[in-house]
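The following exercises concern a predicted model. Please study the sequence and the structure before reading each solution.

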Amino acid sequence: MRTRTYGKYIVSDQGLPNSGDVGHILGSRLLYDHEGNPSHVELQYMSQNQEAHQLRMGFLDAMFLLSNLKAMQLDTGTPFPDDPRSQSTQS
């Protein structure tokens with residue numbers, strides 16, 4: 001099986017704890033600090049057994065994840081998916 005690593009990826013004989021596979025990503029939300037700057041990103045998804053989960057990460061970590069995903073997209077020649085902004089609601 002072929003794999004490619006992006007960023008610093010930990011390889012361990014024991015493995016790392018796994019929170020389970022994502023079944024379907026529902027959406028995400030950008031949170032701002034008191035000065036109006038992006039601070040965190042929340043991602044909601046359904047697990048394979050149909051349980052809802054939420055993941056929260058700092059904005060800079062989310063941007064690093066985006067960079068990793070963009071590199072994967074370019075390396076595999078995968079077209080960009082539909083723009084999620086057309087499905088979002090502002091709050």
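**Exercise 1.** Which residue is the bridge partner of Gly 27 in E2?

Solution. Begin with the pair of strands: E1 and E2 run antiparallel and are joined by 9 bridges. Next, locate Gly 27; its bridge partner in E2 is Gln 44.

**Exercise 2.** Determine the order of the strands in the sheet, and explain why E1 and E3 stand at the edges.

Solution. The open sheet is formed by 3 strands in the order E1-E2-E3, with antiparallel pairing. Strand E1 (22-32) and E3 each have a single partner strand, so one side of each is left without a neighbour in the sheet. On average, neighbouring strands of this sheet are turned by 20 degrees against each other, direction ignored. Helix H1 packs on the sheet and touches E1, E2 and E3. The direction of H1 makes about 105 degrees with that of E3.

**Exercise 3.** Decide whether Gln 50 counts as buried or exposed.

Solution. Exposed means over 50% relative accessible area. Gln 50 has 59% relative accessibility and therefore counts as exposed.

**Exercise 4.** Describe the lining of the second largest pocket.

Solution. This pocket has a volume of about 530 Å³. It is lined by 14 residues, and those closest to its centre are Tyr 6, Lys 8, Tyr 9, Leu 65 and Asn 68. Divided by type, the lining has 8 nonpolar, 3 polar and 3 charged residues. Helix H1 (residues 59-76) supplies the largest share, 5 residues.

Conventions. Residues are numbered from 1 along each chain as its sequence is written. This is a predicted model: local features need pLDDT of at least 70, side-chain atom pairs count only at pLDDT 80 or more; totals for chains, interfaces and linings use all residues. Side-chain values use heavy atoms; hydrogens and water are left out. On a 1 Å grid over the protein atoms alone, a cavity is a set of points where a 1.4 Å probe fits but cannot get out, and a pocket is an open set with protein on both sides within 12 Å along at least five of seven lines; lining residues have an atom within 4 Å of a point. Grid points are joined across faces, edges and corners, and a volume is the space filled by probe spheres set on the points. Helices (H or I, at least four residues) and strands (E, at least two) are DSSP runs, numbered from the N terminus. Ala, Val, Leu, Ile, Met, Phe, Trp, Tyr, Cys and Pro count as nonpolar, Asp, Glu, Lys and Arg as charged, and the others, Gly among them, as polar. Buried means under 20% relative accessible area, exposed over 50%, partly exposed in between (1.4 Å probe, protein chains only). Two strands pair if DSSP finds at least two bridges between them. Axes are lines fitted to C-alpha atoms, for helices over the stretch in contact, and angles run from 0 to 180 degrees between N-to-C directions. Contact means heavy atoms within 4.5 Å.
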